[in-house]
Amino acid sequence: MMLLTEGQMSDHKGAVLLFSALPRAKELLADKGYDSDWFRAALMAQGTTPCIPPRKNRKVQYHYDKELYRQRHKIENVFGRIKDWRRGATRYDRCAKTFLSAVARAATVMFWL
């Protein structure tokens with residue numbers, strides 16, 4: 001599932017919008033930007049274990065699987081490759097549907113390569 005938001009919107013606010021559409025999974029990998037009590041509680045209620053490193057200023061430092069979190073770089077590499085592609089980085093398309101289909105196509109091609 002993908003959501004196209006304005007450039008200034010935080011990822012955490014986007015997660016609120018997409019939470020109901022998240023598929024069932026054992027674990028969810030996310031960066032420190034998603035570290036909040038409500039998000040962790042909602043994931044646990046859904047049966048998903050959050051693999052989110054806690055922020056440094058957090059009073060309660062939650063445990064997360066560091067070995068699993070290291071695998072997150074693979075996801076970041078795909079997004080980095082899409083950003084290297086000029087059409088994905090500058091968003092020339094006027095229609096969000098056209099833009100998202102181009103991003104999905106680029107991700108598929110990069111997955112095959």
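## Terms and basis of the model

Contact here means that heavy atoms lie within 4.5 Å. Leaving aside neighbours within four places in sequence, R40 is in contact with D35, P50, I52, P53, P54, R58 and Y62.

This is a predicted model, in which local features need pLDDT of at least 70 and side-chain atom pairs count only at pLDDT 80 or more, while totals for chains, interfaces and linings use all residues. Residues are numbered from 1 along each chain as its sequence is written, and side-chain values use heavy atoms, with hydrogens and water left out.

## Overall architecture

The chain has six helices and two strands, where helices (H or I, at least four residues) and strands (E, at least two) are DSSP runs numbered from the N terminus. Read from the N terminus on, the elements run α-β-α-β-α-α-α-α.

Of the 113 residues in the chain, buried residues make up 27%; buried means under 20% relative accessible area, exposed means over 50%, and partly exposed is in between, with a 1.4 Å probe and protein chains only. The accessible surface of the chain comes to about 8,600 Å², of which 57% belongs to carbon and sulfur atoms, the areas coming from the Shrake-Rupley method with a 1.4 Å probe and, for residues, with only the protein chains shown counting as cover. Among contacts between residues at least 6 apart in sequence, 25% join residues at least 24 apart.

Side chains of opposite charge can pair when their charged atoms come close. The structure holds six salt bridges, a salt bridge being a side-chain nitrogen of Lys or Arg within 4 Å of a carboxyl oxygen of Asp or Glu. One of them joins the side chains of D35 and R58, at 2.8 Å from N to O. Because D35 lies in the loop between β1 (27–29) and α2 (37–46) and R58 in the loop between β2 (49–51) and α3 (66–69), this pair ties together parts that are 23 residues apart in sequence. Both D35 and R58 are buried.

R58 also forms a salt bridge with D37, the closest N and O atoms being 3.0 Å apart. That pair links distant parts of the chain, with D37 in helix α2 and R58 in the loop between β2 and α3, 21 residues apart. D37 counts as partly exposed at 47% relative accessibility, whereas R58, at 16%, counts as buried. Elsewhere, R70 forms a salt bridge with E67, with the closest N and O atoms 2.6 Å apart, and both R70 and E67 are exposed.

## R40 within the network

D35, D37, R40 and R58 are linked in a network of salt bridges. R40 is found in helix α2 and is buried, with a relative accessible area of 6%. The R40 side chain makes a polar contact with the side chain of D35 at 3.0 Å; a polar contact is a pair of N or O atoms within 3.5 Å, where within protein one must be able to donate a hydrogen and the other to accept it, and residues adjacent in sequence count only if both atoms are side-chain atoms.

## Aromatic pairs

A search of the whole structure finds four aromatic pairs, for which rings of Phe, Tyr and Trp (its six-membered ring) pair if their centres lie within 6.5 Å, with planes under 30 degrees apart counting as stacked, over 60 as edge-to-face and the rest as tilted. F19 and F39 form an edge-to-face pair, 6.0 Å centre to centre with 70 degrees between the planes. Since F19 lies in the loop between α1 and β1 and F39 in helix α2, the pair ties together parts that are 20 residues apart in sequence.

F19 is buried, with a relative accessible area of 18%, and F39 counts as buried at 3% relative accessibility. The rings of W38 and F39 have centres 5.4 Å apart and planes at 70 degrees, so this pair is edge-to-face as well. W38 counts as partly exposed at 37% relative accessibility. F19, Y34, W38 and F39 form one aromatic cluster.

H12 is found in helix α1 (residues 11–18) and is buried, with a relative accessible area of 16%. Leaving aside neighbours within four places in sequence, H12 is in contact with G33, Y34, S36, W38 and F39.

G47 lies in the loop between α2 and β2 and is exposed, with a relative accessible area of 53%. With neighbours within four places in sequence left aside, G47 is in contact with A25 and K26.
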